[in-house]
Amino acid sequence: MTKSDFNKNIAITIIFVVCIFLLWKFGIIYSHSLFPIVKEGRLHIFADWAWVIKNGICRNLGFDIFNTNACPLWGKDNFIFNIGNILLYIPYFKFLEKFYFFYFPTILCSIFIYTIIKLINRENFLNIALLILIIFSPQVLLVLERCNIDLIIFLLLIIMVKVNQPFLSFSIINFVTLLKYYPAALITNFVVERKRSLNKNIFIILIFFFTLACLMYLSGESFNLIRYKLNAVSPTWGNQFSLHSFAILLSKFKKYDFNTILIMALSIFIILSFSFYKFFQSTLENIELDENNFKYRLYIVGSNLIIAVYLITQNIHYREIFLITL
């Protein structure tokens with residue numbers, strides 16, 4: 001990338017950041033789509049990131065953040081800490097409070113916007129329109145306003161695909177799994193994207209889960225705690241890209257058992273997937289794929305993660321941003 005391209009990307013990033021700030025300031029977004037966090041008449045931006053930092057502080061003060069979570073730093077609307085314990089070990093220094101709660105998330109969100117701009121070639125009007133639609137989509141605006149951890153996972157996913165080094169990829173997959181658990185599905189890409197024997201792949205998977213288990217143990221995780229966290233927050237039933245949400249939605253209108261609808265939905269998904277694959281199989285066989293191409297690898301890694309999220313998780317707010325990889 002030339003210096004001129006870099007300067008253009010920076011300029012466009014600044015324009016988008018200013019536009020989004022104005023949308024926040026004048027409350028234009030909230031009259032149509034998003035639900036703001038407002039306390040004492042003030043809009044609280046970067047609330048998800050602030051929640052992580054405040055839970056770390058509360059834990060150091062001796063509060064139980066996994067059960068009642070009555071820490072006064074967050075207020076009566078707080079809920080239990082239901083993501084990776086590794087985030088509780090972020091060091092906190094009181095004199096850097098402004099940096100933790102404003103400057104760092106602002107920088108992180110700006111990098112996220114810059115990354116999206118850099119990913120999409122602005123070579124014609126349709127691509128420019130696509131870029132604008134992505135930046136101002138409800139999913140992206142929400143993840144920016146809250147500065148959710150999925151934003152960090154997205155950026156690390158881009159780095160993993162861009163560098164394409166086995167040790168770094170293995171380390172990143174371990175780290176992002178410690179953040180929110182579901183990125184463990186990325187290990188399937190790691191073992192199939194390079195030509196290895198079956199025994200080597202089995203060995204890599206065993207090493208991955210052994211390493212992950214050790215890191216989780218060191219961060220205070222346990223199987224029971226993770227299961228408790230995953231079941232602690234009930235997912236909403238509307239406006240979600242999830243197989244589970246599809247079953248929840250139907251069970252609201254029909255008096256059927258949730259698990260029955262879920263199994264039916266999963267069966268239909270598998271049948272349709274197999275049918276589409278068979279239909280396009282001849283076309284796929286004629287396509288020459290370059291496994292070292294950044295955009296090809298990003299598409300494969302991103303689509304596999306999206307499918308895993310769609311099938312496995314129930315609450316997928318924020319995770320729709322991985323559709324950008326497609």
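Which residues of α5 are buried, and against what do they pack?

Reply: First, the ground rules. This is a predicted model, in which local features need pLDDT of at least 70 and side-chain atom pairs count only at pLDDT 80 or more, while totals for chains, interfaces and linings use all residues. Residues are numbered from 1 along each chain as its sequence is written, and side-chain values use heavy atoms, with hydrogens and water left out.

Start with helix α5, residues 138-146. Helices here are DSSP runs of H or I with at least four residues, strands are runs of E with at least two, and both are numbered from the N terminus. Seven of the nine residues of α5 are buried, so the rest of the structure largely encloses α5. Buried means under 20% relative accessible area, exposed means over 50%, and partly exposed lies in between (1.4 Å probe, protein chains only). The buried ones are V140, L141, L142, V143, L144, E145 and R146. They pack against α1 (3-26), β2 (42-43), α2, α3, α4 (125-135) and α6. Contact here means heavy atoms within 4.5 Å. Just after α5, C147 takes a positive phi of about 50°.

Now take one of those neighbours, α3. Two packed helices are described by the angle between their axes and the distance between the axes. Axes are lines fitted to C-alpha atoms, for helices over the stretch in contact, and angles run from 0 to 180 degrees between N-to-C directions. Helix α3 (residues 97-119) packs on α5 at an angle of about 155°, and their axes are 9 Å apart. That makes α3 roughly antiparallel to α5. The cut-offs are under 35 degrees for roughly parallel, over 145 for roughly antiparallel and 65 to 115 for roughly perpendicular, with the rest oblique. From α3 come C109, F112 and I113; from α5 come V140, V143 and L144. This contact has six nonpolar residues, no polar ones and no charged ones. Ala, Val, Leu, Ile, Met, Phe, Trp, Tyr, Cys and Pro count as nonpolar, Asp, Glu, Lys and Arg as charged, and the others, Gly among them, as polar.

Aromatic rings come next. Rings of Phe, Tyr and Trp (its six-membered ring) pair if their centres lie within 6.5 Å; planes under 30 degrees apart are stacked, over 60 edge-to-face, and the rest tilted. By this rule the count comes to 19 aromatic pairs. In one, the rings of W51 and F81 have centres 5.2 Å apart and planes at 20°, so they are stacked. W51 lies in helix α2 (residues 47-60) and F81 in the loop between α2 and α3, so the pair ties together parts that are 30 residues apart in sequence. W51 and F81 are both buried. F112 brings us back to α3. The rings of F112 and F154 have centres 5.2 Å apart and planes at 75°, so this pair is edge-to-face. F112 sits in helix α3 and F154 in helix α6 (residues 149-163), so parts 42 residues apart in sequence are tied together. F112 is buried, and so is F154. One aromatic cluster is formed by W49, Y92, F99, Y100, F101 and F104.

From α6, move on to α7. These two pack at an angle of about 170°, with axes 10 Å apart. That makes α6 roughly antiparallel to α7. In α6, I149, D150, I152, I153, L156, I159, M160 and V163 take part; in α7 they meet L168, S169, I172, I173, F175, V176, L179 and K180. By class, 13 of these residues are nonpolar, one is polar and two are charged. The loop between α6 and α7 holds N164. Its phi is near 55°, a positive value in a residue other than glycine. N164 is buried, with a relative accessible area of 15%.

Last, α7 and α9. The axes of helix α7 (residues 166-180) and helix α9 (residues 198-218) come within 10 Å and cross at roughly 45°. The two are therefore oblique to each other. F170, I173, N174, T177 and L178 of α7 touch I204, I207, F208, T211, L212, L215 and M216 of α9. This contact has nine nonpolar, three polar and no charged residues.
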